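Subject: Structure handover

Hello,

Here is the structure for you to open alongside this note. My findings follow below it.

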Amino acid sequence: MDVINFIISTVILAVVALFFGPVFLGIERKIQARIQQRIGPPILTPGTWSILKFWYKKPVMPNSPMPKLYHALPPATVITILVILWLTNPEWWGILSLATLVAIVGIMKFEEMMYVVMGALSRSILSVSMPYGDVVKGAVTKGKIRRFFEGQSAVRFIKHITIASFPIYIAIFIPAVMAGSIYVEDIVNFQGDFLNLDPILFTIPGFIGAVVYFVGYVAQLNDYPFTIAKAKGDLIEGGPLEYGAHARGNYYVLRGVWMFVLSSLFVTLFCGIPPLVSLTFSAPGIWQLVMHVALTFVLPILVSVLSAFGPILTFKQLYPVSFGFTAIGVFGVILAL
Amino acid sequence: MEKDRGEADVEIPVGLVHPALLEPYRPRFFLQDEVVTDCEITLDAQHRGVERLMEGIPVDKCNIITERICGICSCVHLWNSVRVVEKGLKIEVPERAQYMRVIINELERLTSHLIFFGHALEIIGHETLGMRAFIAREPFMILLGELSGNRVHYACPVIGGIRPRCNPTEEMQKKALTMLKPAAEYLKDYADRIIQDSMIMSRIDGIGVLTKEEALKYHAVGPTARASGVDWDWRTEIDDFKHFDWDVIVLDEGDVKSRVVQRILECFQILNIVEQGFKNLPEGEIRNKDWKLGEMPITACYHEAPRGELLDTYALDEKGNVRHYKCRTPTVTNLGAMEVACLGEHLTDAVLTLASCDPCLCCTNR
């Protein structure tokens, strides 16, 4: 029976993430459009329907030295980041003691590195390989390497991983410090059960952690203003540039699921409501999952508003912003002690 | 001190097809890490041969074609081309026509500057204010449509005056003034919003500096030069503008912020000119028909297009057909300055710097 529960909850959580993740993409676009005084697309169009449309388009071969690996990156990463969601599911807490913040941080690092690989494997026609005779007699010849946008994006992602990841990691560990444990189970139990919650979010260090987590969340999503690694002004969108047809659909799934998973992690760690799948209609039963999913909408909505009003920060602004919020996070940790 | 065009480790060519380049051109950035140490811009991917097209055609047809050189600053191209004949054959233009030429031209300049804000803010990444630039622009486009019958190609000036459809009734004058008021208020709020946004200012303050010496050396023109302290505007030399009380906006800093603020301040001078124009529009003829086409030596005329100095020059043969037509648009002379302004900047800021000089490749490639 436990095995069946484990399988059912695992599958249901994956389905929930795969359904609501793309919906977040639509909500983000809709909110930004309304702020920009446009009608904007229907909520399901940018995520859900676009993905279905892309999956049914004729496959295109990317301009890449390793096209199969390049195409395999988004689905592989989706599966990997779903593990974060599964690790916050109470059914998984007993497995090999994996449900710790250290494991979660490790998986998050994998997701970040994936963009570096993506950038290294893409070779769009929009820069070096554009058939345009500009390297001719009399032209400036400097620089040993002619680099694609995507290569530059990979370089920027390495810098981004180094700098902009600090806030979210420091914020994740504030609940751990308060609960005195890195186990997700202990952090959730520290906040009481579903009917008698005392969320970390409503404490001073918890609130500071939530603010810092939000900044880190935006940085993890590479959304405005933390989108220098795929700045539209110069790099267009960096590594994912060569994704077309079904691969672009997969990339949208990845982005949507990543939004959902990080938001879900926030709800688990700061609100004390893990994504429990219990198919009974008694409390907590199915209501805990409903509440969890409802709360996951908060961060994407806030991100949409911030993104609509934030210009891209270059590294000159990114360093102080990231270090500033990291310092606030450290202050939160000290308070949590 | 002149900026050093140093060695580079990496070259990143951009475009021709690229979201940050509204039109096809090819900047090649030479970088050390992410800092631009040299830049080369290549043009002519969309050459249309407009100048060759003019050879031997009647001058009125030539004038109409000049309007098609650009979709953003169409009026100034037509007007300057018409001024060449008027200067060469000494054709007087009635005062009412002069007023209307100025009004249409200045409204066009305003819409051009608002496109610039939209583009620059889009590159900065502030899509909301980028979109709002187009909301702010729309009332002026509607006004241009009502005044001239067209939103883009107004075809207002003709030799000796303006077209009859661009001659507003008294009722239209009142309506135009009524339409201007809320549009100007929205523009003011919009400009305040840009200037007061500290995040936007942090992206553009001190970026892409073009000193006055560099602006003069590389012959920067228009708002790009005026934002670097070069006090020059061809409108001060044109008789039609002498009916109006207005100021040339000159700023000294020479960075992207100056180029944005210069245009913002220029927008309010434009509104001032247009308002004066509608309030003081004299009665009278709109076209002088007392002239005859004939042989004309090569004649040159300068004008201040929204992006800077525009030169049109041609001759007429004895039948009034155009010979040796030549047009030099502002971006041609701004290119050198654009390359220099990028030096020492982060790659992302370098693209912004290029955009802040407001290049128009459609005009330039002709």
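This is a predicted model: local features need pLDDT of at least 70, side-chain atom pairs count only at pLDDT 80 or more; totals for chains, interfaces and linings use all residues.

Residues are numbered from 1 along each chain as its sequence is written, chains are lettered from A and ligands numbered from 1 in the order written, and side-chain values use heavy atoms, with hydrogens and water left out.

**Pockets**

A pocket is an open set of points on a 1 Å grid over the protein atoms alone, where a 1.4 Å probe fits, with protein on both sides within 12 Å along at least five of seven lines; lining residues have an atom within 4 Å of a point. Volume is the space filled by probe spheres set on the points, which are joined across faces, edges and corners. Helices (H or I, at least four residues) and strands (E, at least two) are DSSP runs, numbered from the N terminus.

The largest pocket holds about 850 Å³. Its lining has 24 residues, with R29(A), Y224(A), E237(A), Y252(A) and R255(A) nearest the centre. Two or more lining residues come from each of α1, α9 and α11 of chain A, and from α5 of chain B. By class, this lining has eight nonpolar, six polar and 10 charged residues.

The second largest pocket has about 390 Å³. It is lined by 17 residues; R83(B), E86(B), I91(B), D239(B) and D240(B) lie nearest its centre. Helix α3(B) gives the largest share, four residues. Seven lining residues are nonpolar, one is polar and nine are charged.

T224(B) sits in helix α9 of chain B. Beyond neighbours within four places in sequence, its contacts (heavy atoms within 4.5 Å) are L210(B), R259(B), R263(B), N334(B) and C357(B).

**A sheet in chain B**

Three strands form an open antiparallel sheet, ordered β6-β7-β8. Strands pair if DSSP finds at least two bridges between them. β6 and β8 stand at the edges with a single partner each, so one side of each has no neighbour in the sheet. Five bridges join β7(B) to β8(B). L311(B) stands opposite R328(B) in β8(B).

Best wishes

Technical notes: Ala, Val, Leu, Ile, Met, Phe, Trp, Tyr, Cys and Pro count as nonpolar, Asp, Glu, Lys and Arg as charged, and the others, Gly among them, as polar.
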